Amino acid sequence: MEVYIKNEKIQEKLNVLLSDYQIYYQNLRAFHWLVKGQQFYMLHEKFEAFYDEAAEDIDEIAERILMISGKPLHSFEDYLKHAGMKAEKNLEKASDIIPKIIANNEHLLLSFRNILEMAADAGDEGTVALMSDFIGAAEKRLWMLNSLQI
Ligand SMILES: [Fe+2]
């Protein structure tokens, strides 16, 4: 059995995930800056907590790509080229922003599940474990965000 994992398909998928995550991160920063309304303090702080969490996840993904013998994308140009997620602009109302964060998290969750399945088939337990952690965290965020909406 090989000691080191080298799976180009998983590297590619993780690079797409990394690109999506960078868009998600910047979306959260925009929401943190632009949000207005009665829930301002709570949402401004919560969006900061989300982007701090996203920054850590981004680092984990990039380093995982290195661990499986790949190279993480590292320029905005490449992220925009590879991401399937859309950069949001000019959203200020909580009622516009929350559904976007929910949709972004649903997008990430589907990617995590997809990569987990692919990594499991390839015997890449490290990537499985990372995706498994991400799935739990995204499901928690989605539960909380969906609870904000009535
Ligand atoms: Fe800030």
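This is a predicted model: local features need pLDDT of at least 70, side-chain atom pairs count only at pLDDT 80 or more; totals for chains, interfaces and linings use all residues.
Me: What makes the pattern of the protein chain α-α-α-α-α?
Reply: The chain has five helices and zero strands. Both are DSSP runs, numbered from the N terminus: helices are H or I, at least four residues; strands are E, at least two. Read along the sequence, that gives α-α-α-α-α.

Me: How do you know whether the radius of gyration agrees with a compact globule?
Reply: The rule, over C-alpha atoms, is 2.2 Å times the number of residues to the power 0.38. For 150 residues a compact globule would come near 15 Å; the protein chain has 16 Å, so the value agrees. Its C-alpha atoms fill a box of roughly 60 × 30 × 20 Å along the principal axes.

Me: Why is G70 called partly exposed?
Reply: Buried needs 20 or more other C-beta atoms within 10 Å, exposed 12 or fewer, and partly exposed lies in between; C-beta atoms are placed from the backbone. G70 has 19, so it is partly exposed. Buried residues make up 31% of the 150 in the protein chain.

Me: Where does G70 lie, and what is it in contact with?
Reply: G70 lies in the loop between α2 (40–67) and α3 (76–82). Contact means C-beta atoms, placed from the backbone, within 7 Å. Leaving aside neighbours within four places in sequence, G70 is in contact with Q11 and I65.

Conventions. Residues are numbered from 1 along each chain as its sequence is written. Two residues are in contact if their C-beta atoms, placed from the backbone, lie within 7 Å.
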